[in-house]
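Dear colleague,

Please find the structure for your review directly below.

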Amino acid sequence: MVLTNEKRALMGDREAAKRLTDAGVLLLCPMCRGKARVRSERYYQPNVCRNVICMKCFTSSGWYKTEHEARLAWNTRAAILSAEEMEMLEELE
């Protein structure tokens with residue numbers, strides 16, 4: 001069984017989430033599985049705030065200074081497996 005970065009990130013693997021973020025990939029929405037996009041808002045020049053928002057249910061990552069920070073926040077999910085369980089999965093590969 002091969003675990004992709006997407007599957008690993010969904011299980012809470014922070015390194016996989018970082019690899020996806022660095023590649024410019026956004027995971028599907030954790031609430032509705034909808035597609036997401038990065039959004040920028042200008043409040044006061046030159047400050048620009050960015051977030052990631054689901055285009056279906058409008059779930060948001062919250063506001064961040066950089067696009068990278070917003071993408072990383074969106075792609076980082078709570079761990080559903082312990083470190084020991086992740087190691088067991090890696091041994092099966």
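In which loop is the place of Ser-61? Ser-61 sits in the loop between β2 and α3; helices (H or I, at least four residues) and strands (E, at least two) are DSSP runs numbered from the N terminus.

Before the details, two remarks on provenance. This is a predicted model, in which local features need pLDDT of at least 70 and side-chain atom pairs count only at pLDDT 80 or more, while totals for chains, interfaces and linings use all residues. Residues are numbered from 1 along each chain as its sequence is written, and side-chain values use heavy atoms, with hydrogens and water left out.

Overall architecture

The protein has four helices and two strands, and from the N terminus on these elements run α-α-β-β-α-α. The C-alpha trace spans about 50 × 25 × 20 Å along its principal axes. Of the 93 residues, 30% count as buried, where buried means under 20% relative accessible area, exposed over 50% and partly exposed in between (1.4 Å probe, protein chains only). Among contacts with a separation of 6 or more, 41% come from residues 24 or more positions apart; contact means heavy atoms within 4.5 Å.

Strands and core

Strands β1 and β2 pair in the antiparallel sense over seven bridges, pairing being assigned if DSSP finds at least two bridges between two strands. Within this arrangement, Ser-40 has Arg-50 in β2 as its bridge partner. Strand β2 is mostly covered, with five of its seven residues buried.

The largest nonpolar core has 12 residues in all: Ala-9, Ala-16, Ala-17, Leu-20, Leu-27, Cys-29, Ala-36, Val-38, Val-52, Cys-54, Ala-70 and Trp-74. Such a core is a set of buried Ala, Val, Leu, Ile, Met, Phe, Trp, Tyr and Cys residues joined through side-chain atoms within 4.5 Å. Two or more residues of this core come from each of α2, β1 (36-42), β2 (48-54) and α3. Helix α2 gives the most, with three residues.

Ser-61 in turn counts as buried because its relative accessible area is 15%. Not counting residues up to four places away in sequence, Ser-61 touches Asn-51, Val-52, Ala-70, Ala-73 and Trp-74.

Helix α2 and Thr-21

Thr-21 belongs to helix α2 (residues 14-22) and is buried, because its relative accessibility is 3%. Beyond its neighbours within four places in sequence, Thr-21 is in contact with His-68, Arg-71, Leu-72 and Asn-75. Leu-10 is 11 residues from Thr-21 in sequence and 13 Å away in space, C-alpha to C-alpha.

Charged and aromatic side chains

Side chains of opposite charge can pair when their charged atoms come close. A search of the whole structure finds three salt bridges, each defined as a side-chain nitrogen of Lys or Arg within 4 Å of a carboxyl oxygen of Asp or Glu.

- Asp-13 and Arg-8 form a salt bridge with the closest N and O atoms 3.7 Å apart. Both residues are buried.
- Asp-22 and Lys-18 form a salt bridge with the closest N and O atoms 3.0 Å apart. Both lie in helix α2, four residues apart, about one turn of the helix. Asp-22 is partly exposed at 48% relative accessibility, and Lys-18 is partly exposed at 37%.
- Glu-67 and Arg-71 meet in a salt bridge at 2.9 Å, N to O. About one helical turn separates the two, because they are four residues apart in helix α3 (residues 67-75). Glu-67 is partly exposed, with a relative accessible area of 34%, whereas Arg-71 is buried at 15%.

Arg-77 lies over the face of Trp-74, at 5.9 Å from the ring centre; a charge sits over a ring if NZ of Lys or CZ of Arg is within 6 Å of the ring centre and within 35 degrees of the ring normal. The structure holds zero aromatic pairs. For such a pair, the ring centres of Phe, Tyr and Trp (its six-membered ring) must lie within 6.5 Å, with planes under 30 degrees apart counted as stacked, over 60 as edge-to-face and the rest as tilted.

Yours sincerely
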